[in-house]
Amino acid sequence: MRRPCIQFIVAIASIMLSGSATGSAIVEVRARVEVEADATPVRNAYIALVPEWRPSNESLVEEVSETGIAQFRVPPGNYFLLGGAPGHTVASRGPIEITGLASDISLSITPLRPVSGTVRDEAGAPIASARVSTLNGAI
């Protein structure tokens with residue numbers, strides 16, 4: 001007699017996992033981080049999708065991809081694509097609308113370039129052991 005109850009519970013769990021009970025679906029997203037100059041994938045790239053309403057440090061899905069390409073499954077919505085790789089810049093793109101259809105999205109990053117020179121104080125004297133770095137930011 002308990003068999004119908006178990007079948008009902010399994011059916012409800014199946015509906016919840018598929019998303020059809022709420023009308024939402026899960027979308028296949030292929031995300032690619034590539035070199036800006038020639039569109040080749042960047043090896044060992046960090047790739048993340050962040051919902052538009054979340055802080056950028058709270059991704060929904062993320063991966064370090066050996067090939068520079070990641071496959072994600074996410075609900076439809078608006079997302080920011082974040083990416084970076086050793087020896088390259090970090091960048092973001094979005095918001096990108098992910099609909100109920102499979103999506104291919106990409107993000108271009110550029111290789112870091114070495115800089116050399118002498119840092120000097122106001123009087124023109126060299127500053128020993130000075131370090132210089134860049135800072136990227138967005139509001």
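Is Arg43 buried or exposed, and what is its relative accessibility? Arg43 counts as exposed, at 53% relative accessibility; here buried means under 20% relative accessible area, exposed over 50%, and partly exposed in between (1.4 Å probe, protein chains only).

This is a predicted model, in which local features need pLDDT of at least 70 and side-chain atom pairs count only at pLDDT 80 or more, while totals for chains, interfaces and linings use all residues. Residues are numbered from 1 along each chain as its sequence is written, and side-chain values use heavy atoms, leaving out hydrogens and water.

Side chains of opposite charge can pair when their charged atoms come close. A salt bridge is a side-chain nitrogen of Lys or Arg within 4 Å of a carboxyl oxygen of Asp or Glu. By this rule there are 3 salt bridges.

| Salt bridge | N to O distance |
|---|---|
| Arg73 and Glu28 | 2.7 Å |
| Arg32 and Glu34 | 2.8 Å |
| Arg43 and Glu66 | 3.7 Å |

Glu66 lies in the loop between β3 (61-65) and β4, and Arg43 in the loop between β1 and β2, so this pair ties together parts 23 residues apart in sequence. Strands are DSSP runs (E, at least two residues), numbered from the N terminus. Glu66 is exposed, with a relative accessible area of 52%.

Arg73 is exposed at 53% relative accessibility, whereas Glu28 is partly exposed at 36%.

Glu34, in strand β1 (residues 27-35), is buried with a relative accessible area of 12%, and Arg32 is buried too. Contacts of Glu34 (heavy atoms within 4.5 Å) include Pro41, Val42 and Leu107.

Technical notes: Helices (H or I, at least four residues) and strands (E, at least two) are DSSP runs, numbered from the N terminus. Lists of a residue's contacts leave out its neighbours within four places in sequence.
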